[in-house]
Amino acid sequence: MTAPLAITVRGLTKVFSGRKVVDGFDMDVPTGAIYGFLGPNGSGKTTTIRMMCGLLTPDGGTGACLGHDILTQSRRIKEEVGYMTQRFSLYEDLTIRENLDFIARMYRLPGRRSRVAQALADLGLTDRASQLAGSLSGGWKQRLALAACMIHDPKLLLLDEPTAGVDPKARREFWDEIRRLAATGVTVLVSTHYMDEAIQCDFIAYIAYGRKLIDGRAQDIPGRIGLLTFRLSGADLPEAEARLRAIPGLQVARFGAVLRISGTDRAMLEAATAPERARGLTVQEVPAGLEEAFIYLMAGSTDNFAPAPP
Ligand SMILES: Nc1ncnc2c1ncn2[C@@H]1O[C@H](COP(=O)(O)OP(=O)(O)OP(=O)(O)O)[C@@H](O)[C@H]1O
């Protein structure tokens, strides 16, 4: 049985100042999926996500989000969406409890006090509820922001580069929490430039110039791009690395005593590695990894603030 869809959209299009910034976008998002939107600056990720959730009216296209029509029922959708932006958007000069209480009031939540108490307990912040939000560390601020945008039990969570500027431990904990929410059926859309956020996603859509270039299960992406990876090991790796890095169109990554070189042209990879093989290095074809695929995608596109190609 296939999972029910949280979102399904067809042909979404948006024009700003006579320029098509999203062009004929189709997508199905399964309930409980973590869906990552990757792409260069200005490629249309945020605009697409906002249209998919009824937060912005498209100029063309149709769709449903959480069973509501994105064109006519955006108000219903908004009630079921939690939105966490990059910047900490709570009040630094209110306490942790006051911040949560304020948000709960805004949503006119019934049983406000107990909801706030529950959110504090879930966060492990009951003892520090009277501390000013501004005095929390970056990781704790982020947890508080997540608790605030989940206080009305939304079914859909939008995250915009959620772990930018957060240390690795807090980042891991944050993603553990997101996974826990997804397992309860919350659908999560993530817009990001960061590799370590992208690899947390179940599905990936890669967008450039307002068009979806590729989309699917994260583990299928390397194969879908047709990315090939050769692994090199042996003596004189730095010399091999310098030589291979000078070849345009090759992606070279060093992992300790191993070099991994990737590209989509087998003949080119073989020609590039032949001299290293002849020098006695071991050269082996291995499956391309997710990180390699993402680096490849990101490296292949320029900043989309530039005029779109014809
Ligand atoms: N309200 C608006 N009015 C006019 N142009 C806009 C508006 N919102 C976005 N744009 C333009 O649409 C294009 C797509 O923007 P969008 O924010 O969707 O891209 P993005 O991929 O999310 O970028 P980033 O990664 O930088 O957040 C950009 O060229 C942007 O300048």
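Let's start inside a helix: Leu 144 sits in H5, residues 138-149. Helices here are DSSP runs of H or I with at least four residues, strands are runs of E with at least two, and both are numbered from the N terminus. The model is a predicted one, in which local features need pLDDT of at least 70, side-chain atom pairs count only at pLDDT 80 or more, and totals for chains, interfaces and linings use all residues. Residue numbers start from 1 along each chain as its sequence is written.

Is Leu 144 buried or exposed? It counts as buried, because it has 21 C-beta neighbours inside 10 Å. (Buried means 20 or more other C-beta atoms within 10 Å of the residue's own, exposed means 12 or fewer, and partly exposed is what lies in between; C-beta atoms are placed from the backbone.) Leaving aside neighbours within four places in sequence, Leu 144 is in contact with Leu 90, Ile 96, Asn 99, Leu 123, Ala 133 and Leu 136. Contact here means that the C-beta atoms of two residues, placed from the backbone, lie within 7 Å. Take Ile 96: it is 48 residues from Leu 144 in sequence, yet their C-alpha atoms are 7.6 Å apart.

## H5 and its two partner helices

Helix H3 (residues 96-106) is one partner: its axis and that of H5 come within 9 Å and cross at roughly 25 degrees. Axes are lines fitted to C-alpha atoms, for helices over the stretch in contact, with angles from 0 to 180 degrees between N-to-C directions. H3 and H5 are therefore roughly parallel; angles under 35 degrees get that label, those over 145 are roughly antiparallel, 65 to 115 is roughly perpendicular, and the rest are oblique. The crossing of H3 and H5 is right-handed, meaning that the near helix is turned clockwise from the far one by less than a right angle, with anticlockwise giving left-handed. On the H3 side, Ile 96, Asn 99, Leu 100 and Ile 103 meet Leu 144, Ala 147 and Ala 148 of H5.

H6 (residues 168-183) is another partner, its axis coming within 10 Å of that of H5 and crossing at roughly 15 degrees. So H5 is roughly parallel to H6 as well, and their crossing is right-handed. Here H5 uses Gly 138, Gly 139, Gln 142 and Leu 146, while H6 brings Ala 170, Phe 174 and Glu 177.

## The nonpolar core

Which residues have the most contacts inside the largest nonpolar core? They are Tyr 35, Leu 100, Leu 158 and Val 188, in a core of 73 residues. Such a core is a set of buried Ala, Val, Leu, Ile, Met, Phe, Trp, Tyr and Cys residues joined through C-beta atoms within 7 Å. Strand S9 (residues 203-208) gives the largest share, six residues. Domain 1 (5-221) and domain 2 (228-287) both contribute, so the core lies between them. These bounds come from an automatic or database domain assignment, and the C-alpha centres of the two domains lie 39 Å apart.

Beyond four places in sequence, Tyr 35 touches Val 29, Val 188, Leu 189, Val 190, Cys 201, Phe 203 and Ala 205. Val 29 turns up again on the list for Thr 187, which also touches Ala 6, Thr 31, Gly 32, Ala 33, Lys 155 and Leu 156, not counting residues up to four places away. Thr 187 belongs to strand S8 (residues 187-192) and is buried, with 25 other C-beta atoms within 10 Å.

## H1 and some positive phi values

Helix H1 (residues 45-52) is largely enclosed by the rest of the structure, because six of its eight residues are buried. Those are Lys 45, Thr 47, Thr 48, Ile 49, Met 51 and Met 52. Just after H1, Gly 54 has a positive phi of about 75 degrees.

Most residues other than glycine have a negative phi. Arg 108, with a phi near 50 degrees, is a non-glycine with a positive value; it lies in the loop between H3 and H4 (112-123) and is exposed, with 8 other C-beta atoms within 10 Å. Tyr 209 also has a positive phi, about 50 degrees, in the loop between S9 and S10 (211-217), but it counts as buried with 21 C-beta neighbours inside 10 Å.

## The whole chain

Zooming out, the chain has eleven helices and 14 strands, and its C-alpha atoms fill a box of roughly 75 × 45 × 40 Å along the principal axes. Of its 310 residues, 36% are buried.
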